[in-house]
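Work through the exercises below with the sequence and coordinates at hand. Each task is followed by a solution in steps.

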Amino acid sequence: MDYGQDQLTTPILFDKESKQVASNDPAQILLMLNFAFDEWAENKIDLYPTEMREEIENVNAVIFPGINDGVYRCWVGGMRGSDEAYDEGYTGLRKALEWVDSKLQSSAYLCGDRLTLADIRAFPHLFRFDVIYHR
């Protein structure tokens, strides 16, 4: 991809030296950042430990379609004036939010007793939950 020649989305991880997009997939960027700078880090934190990966991916299977993508489905459906598209997006979002709420009733984190990539993926949309997602 030629930088600036095609439409870019955020987030984006851009390699300044090669002038290439390394990734614009949020999940892939988080995985890269989880270990890419370990050799320079004083306090290494593994947000994707091997023994928890299955549980993290199970949580992500709810977070991505229900919340990360779900908020945009509501927004796009609302912007297009399509009640059916909005309702579909909102139903998935509401179910995912209820699921997350039930998980967080018994734990401070989505995958047990520690912060993982699942929490990081959920946080931006939960923290910045806009009124446009609900009409």
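**Exercise 1.** Classify Phe-37 as buried, partly exposed or exposed, then do likewise for Trp-40, and describe how their rings are arranged.

Step 1. Phe-37 has a relative accessible area of 48% and is therefore partly exposed; buried means under 20%, exposed over 50%, and partly exposed in between, with a 1.4 Å probe and protein chains only. The model is predicted: local features need pLDDT of at least 70, side-chain atom pairs count only at pLDDT 80 or more, and totals for chains, interfaces and linings use all residues. Residues are numbered from 1 along each chain as its sequence is written, and side-chain values use heavy atoms, with hydrogens and water left out.

Step 2. Trp-40 reaches 59% relative accessibility, so it counts as exposed.

Step 3. A search of the whole structure gives 3 aromatic pairs. Rings of Phe, Tyr and Trp (its six-membered ring) pair if their centres lie within 6.5 Å; planes under 30 degrees apart are stacked, over 60 edge-to-face, and the rest tilted. For Phe-37 and Trp-40 the ring centres are 6.2 Å apart and the planes stand at 45°, so this pair is tilted.

Step 4. Phe-123 and Phe-127 form a stacked pair, 5.1 Å centre to centre with 25° between the planes. Both lie in helix α5, 4 residues apart, about one turn of the helix. Phe-127 is exposed because its relative accessible area is 65%.

**Exercise 2.** Describe the surroundings of His-125.

Step 1. His-125 belongs to helix α5, residues 117-127. Helices (H or I, at least four residues) and strands (E, at least two) are DSSP runs numbered from the N terminus.

Step 2. A relative accessible area of 13% means that His-125 is buried.

Step 3. Beyond its neighbours within four places in sequence, His-125 is in contact (heavy atoms within 4.5 Å) with Ile-67, Asn-68, Val-71 and Tyr-72.

Step 4. With the side chain of Asn-68, the His-125 side chain makes a polar contact at 2.8 Å. Such a contact is a pair of N or O atoms within 3.5 Å; within protein, one must be able to donate a hydrogen and the other to accept it, and residues adjacent in sequence count only if both atoms are side-chain atoms.

**Exercise 3.** Determine by how much α2 bends, and where.

Step 1. The buried residues of α2 include Asn-60 and Asn-68.

**Exercise 4.** Which residues have the most contacts inside the largest nonpolar core?

Step 1. A nonpolar core is a set of buried Ala, Val, Leu, Ile, Met, Phe, Trp, Tyr and Cys residues joined through side-chain atoms within 4.5 Å.

Step 2. The largest one has 18 residues, and those with the most contacts inside it are Ile-56, Val-59, Ile-63, Ile-67, Leu-110 and Cys-111. α2, α3, α4 and α5 each supply at least two residues of this core.

Step 3. Glu-55, in helix α2, is partly exposed at 33% relative accessible area. Among its contacts beyond four places in sequence are Lys-103, Leu-110 and Gly-112. Glu-55 and Leu-110 are 55 residues apart in sequence and 9.3 Å apart in space, C-alpha to C-alpha.

Conventions
Bend = angle between axes of the 7 residues up to and from the residue.
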